Amino acid sequence: MSSLEKHITPYSKAIVRLLKSTVERNSSIWDDVINYQNEIQDYIGKIGLELIVKKDDGFAFVKQLEDNEGSTLGLVQRRQIGFETSIVLVVLRQSLEDFDSNPTQLATEKFITNTEIKDELELFLPEKYDRVKFIKELDRYINAAVDLGYLKEISKKDNETKYQIHRIIKEKITLDILQDFENKLKDYVESRLC
């Protein structure tokens, strides 16, 4: 028996994957995440992480535990997201919130096209914001949302791309963060007018 085999557990691969990214229901290790939740939490809890499992939504991820001042052990690197990408994420989060709040919806997943994202952004951006520049580079900001795991490309036809908004966005961008960002955007635009 090798040194690796002596130390491996039935949930070792699940832990490694969770440390790298979100684990989805269709993953080969999903059952390990579900069946060994307590063991995984015990293991990662020792390094300041918490396992979050959204069984109904079909994904799991780890987040850093924070102390009273909001500090962490720093294991998971926090990414700086540009202002424009943040606007796209806020619009996607709001779109998912509106979708979930509509009781007439039969679908469980929210799909959106790049044109619909553009249209929603037009409504969201304050009047004095530099819309022309923002829209010109919108594909780059949408691609950043895909890279961050908040959007999944479903199909592409001509110049239209259809995406699914990943439900993890509701965990990462709470309603409080959404409101705070909208206030900051308003302040930002007003400061540019002076």
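Student: What makes Ser12, Ala14, Ile15 and Leu18 of helix 2 count as buried or exposed?

Tutor: In this predicted model, local features need pLDDT of at least 70, side-chain atom pairs count only at pLDDT 80 or more, and totals for chains, interfaces and linings use all residues. Residues are numbered from 1 along each chain as its sequence is written, and side-chain values use heavy atoms, with hydrogens and water left out. Buried means under 20% relative accessible area, exposed over 50% and partly exposed in between, with a 1.4 Å probe and protein chains only. In helix 2 (residues 12–20), Ser12, Ala14, Ile15 and Leu18 are buried, so each of them falls under 20%.

Student: How do you know on which side of helix 2 they lie?

Tutor: The arc is that of the directions from the helix axis to the C-beta atoms. Because these residues cover an arc of only 160 degrees around the axis, they are on the same side of helix 2. Lys13 and Lys20, on the other side of helix 2, are exposed.

Student: What do the buried residues of helix 2 pack against?

Tutor: Contact means heavy atoms within 4.5 Å. The partners of these buried residues include helix 1 (3–7), helix 3 (30–35), helix 4 (37–45) and the strands 1 (23–24), 2 (49–54) and 3 (59–64). Helices (H or I, at least four residues) and strands (E, at least two) are DSSP runs, numbered from the N terminus, and the protein chain has ten helices and six strands.

Student: Why are strand 1 and strand 2 said to stand at the edges?

Tutor: Two strands pair if DSSP finds at least two bridges between them. The open sheet of three strands has the order 1-3-2, with antiparallel pairing. Strand 1 and strand 2 each have a single partner strand, so one side of each is left without a neighbour in the sheet. Strand 2 and strand 3, which run antiparallel, are joined by six bridges, and therefore meet the requirement of at least two. Ile52 stands opposite Phe61 in strand 3. Helix 2 packs on this sheet, touching strand 1, strand 2 and strand 3, and its direction makes about 70 degrees with that of strand 3. Such angles run from 0 to 180 degrees between N-to-C directions, the axes being lines fitted to C-alpha atoms, for helices over the stretch in contact. Helix 4 lies across strand 2 and strand 3, at about 150 degrees to strand 2.
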